[in-house]
Amino acid sequence: MSEPEVDIIDQVVSQEYKYGFVTDIEMDTAPKGLNEDIVRFISAKKNEPEWMLEYRLKAFRYWLKMEEPNWQNFNYPKINYQDIIYYAAPKQKIALDSLDQVDPELLKTFEKLGISLLEQKRLTGVAVDAVFDSVSIATTFKEQLKEKGVIFCAISEAVHKHPDLVKKYLSSVVPYTDNYFAALNSAVFSDGSFVYIPKGVRCPMELSTYFRINAENTGQFERTLIIADEGSYVSYLEGCTAPMRDENQLHAAVVELIALEKAEIKYSTVQNWYPGDKEGKGGIYNFVTKRGICEGAYAKISWTQVETGSAITWKYPSCILKGDYSTGEFFSVAVTNNAQVADTGTKMIHIGKHTKSRIVSKGISAGKSHNSYRGLVKVNKKAEHARNYTQCDSMLIGDRSGAHTFPYIEVNNNTATLEHEASTSKIGEDQIFYCSQRGIGLEEAISLIVNGFCKEVLNQLPMEFAVEAQKLLAVSLEGSVG
Amino acid sequence: MLKIENLKASIEGKSILNGINLDIKPGEVHAIMGPNGAGKSTLSAVLAGRNDYEVTEGVVDFLGKDLLDMSPEDRAREGLFLAFQYPIEIPGVSTTNFLKTAINEKRKYLGLEPMEATDFLKFMRSKMEEMEMDKSLTSRSLNEGFSGGEKKRNEVFQMAMLEPKLAILDETDSGLDIDALRLVSAGVNKLRNPDRSFLVITHYQRLLDYIVPDFVHVLYKGRIVKSGDASLAKELEVKGYDWIKQEVEAAV
Ligand SMILES: Nc1ncnc2c1ncn2[C@@H]1O[C@H](COP(=O)(O)OP(=O)(O)OP(=O)(O)O)[C@@H](O)[C@H]1O
Ligand SMILES: [Mg+2]
């Protein structure tokens, strides 16, 4: 890299995380640490039926026998699982019937995050489920959704009100035996969203869950379960933030999607957990298991993610393409700056005939961060005429960051067609000079170039969120260049 | 408009501009010619503010301001435009979006409100008509996959949109077919007015048949070694540069 670029990198250094505030609210918390009593405590707090507790305990006992994985392309300090609080909830009556009963402090918190839970100010066309630490605070537009037969509620509520669906599908895509963090989540998951779209229904609005970690020393272990019955359609969005804290916090969620015949699920994430400071102190460890299954023929699942926050992101939203002619898509933008690490990608498992998958991954690394794409495309023996197209592009900003690609391919049927394209580019001085010659300043130029680079992915997001995501990209890269 | 005095610049310790003097008045068109490697692109880059070059001596006054003291973006916002010899590609960013950003950044600098989207589109449409630009080009990613000629036409289109006070065209005619050359020249001529000046860098007299310059300068080894009117370009077309080179060597 030439001199001038280095100069400017050093010049602009400040990066603000504007969601770093803490809400002062009385909390009901479990004692630190993890044992069977804690698992029972959580289950009791939620007033859970016996079968749910049994499931948790099985998962917990299994977890005890497991080892933390270590195949990733980064190091992180050992997590002391006995030093984490596994349950924290605002002190409040459990069953909330109306928003009037929600603590005003909480409403204010979400207001500040740009998520209004109040009727008059809500984003039109988007129903929101707001999760604060371990509990779901409120779900909006419930009534309107009910008319169509759509169920959108906290998973703790679904356990009581829709036990058949929960029993049938929970853990059906991500069994607790799947991996270390999935087992942990299954034992201690606190809350999250539950969605069921009935046969032939096109969900009339975007569904969205907003996760907020507030309490100190707390882990967040939410669980999301989305079922799209035959011929239905839903677009779901997930957003998240956390206060700035010096210690690391663990976020180990599990998301399961089930798309039955001809159903389509579009799942979008705009992840903006606190990334830690410039030196890498603090920040969220984001270890998430997300997987969807196209259970029936012609089903479709699309994952779109914009990952800008977290100290470490470690996640691979995946699709099991079981139904013939089913489709899986993965569109990802992962931005890392300063000392952040992202190891993310997808798995596309082709089981049915004529199944199709498409992967578009855009990694942007600045500062001394590391950004890895890791993906698996697996074509099973019976998956006749499977197709995959993979495109992995990396962009480097400055010369201290790293981009890595680990594409794994396993093909057991020779009728498969797989295409892979990869590229690495650098925001060049030439591009920046060209912009500045047109009167476009440095930060604006970076944001323009980066947004251009990610365009294919951003285009997948619903309009309002695409705009948010664009701004977020600009903020995340503030002070990164160049 | 632009007054360059004894401008010297070097890169990596190698001196490239060795004392340039040039005075461009409002409304004038100056052409710069000269053999490959003479320093023509270097001059345009130094004027535009490319920071790879070190200015070792000299002053440049642009509309009463010290040009060399300004950042490249401020020079642009003050009305300096450079049509690049090799335009840069910016994947995923349409010309439309790029120009909207550029115009609004300039307006911000001038203390004006950003342009409304509809006004911008109207303005752009009228400029596209004026420059005979094809719609398909402005919606595509900036310069990505454009042919050489398309890139050059896009530069001139950007110039029309940004309405500069001084436009430097670095070999905008190279790589253009005969029709495109005519279109580009017509475009430039439409933009000529008493308040706007041009510095046209070219190797070919052909362009100057369309854009008739007030002055022609020959740049050689980082110096302007000969100046004249439009007829000088015609003379060069016939005689080449050898006689000028010899004159220069003889004078040393
Ligand atoms: N980055 C650089 N490092 C070293 N030498 C350079 C660099 N950039 C330009 N030069 C040299 O400076 C001299 C002038 O180059 P410049 O591009 O200004 O020439 P030009 O007159 O525009 O030529 P052409 O007609 O071929 O476009 C050349 O000898 C070139 O090799
Ligand atoms: Mg040149």
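I looked up B:Asp23 and found it partly exposed, with a relative accessible area of 30%; buried means under 20%, exposed over 50%, and partly exposed lies in between (1.4 Å probe, protein chains only). The model is predicted, so I note that local features need pLDDT of at least 70 and side-chain atom pairs count only at pLDDT 80 or more, while totals for chains, interfaces and linings use all residues. Residues are numbered from 1 along each chain as its sequence is written, chains are lettered from A and ligands numbered from 1 in the order written, and side-chain values use heavy atoms, without hydrogens and water.

**Salt bridges**

I checked the partner of B:Asp23: its side chain meets that of B:Lys25 in a salt bridge at 3.2 Å, N to O. The term stands for a side-chain nitrogen of Lys or Arg within 4 Å of a carboxyl oxygen of Asp or Glu. B:Lys25 is partly exposed at 43% relative accessibility.

Helices (H or I, at least four residues) and strands (E, at least two) are DSSP runs, numbered from the N terminus.

I then took B:Glu130 and B:Lys127, whose closest N and O atoms are 3.8 Å apart in a salt bridge. B:Glu130 is partly exposed at 27%, whereas B:Lys127 is buried at 7%. Salt bridges that share partners also join A:Glu429, A:Asp430, B:Arg50 and B:Asp52 into one network.

**Ligand 1**

I listed 15 residues around ligand 1, of which B:Ile16, B:Lys40, B:Ser41, B:Thr42 and B:His203 come nearest; a residue is near if one of its heavy atoms lies within 4 Å. A backbone N or O atom of B:Ser41 is 2.8 Å from a ligand oxygen, and a polar side-chain atom of B:His203 is 2.8 Å from an oxygen of ligand 1. Taken alone, ligand 1 exposes 640 Å², and the protein buries 67% of that; I note that accessible areas come from the Shrake-Rupley method with a 1.4 Å probe, and for residues only the protein chains shown count as cover. The largest share of the shell, 3 residues, comes from H1(B).

**Chain B loop**

I placed B:Leu112 in the loop between helix H3 (95-109) and helix H4 (117-131) of chain B. B:Leu112 is partly exposed, at 43% relative accessible area.

Technical notes. Polar contact = N/O pair within 3.5 Å; in protein donor to acceptor, adjacent residues only side chain to side chain.
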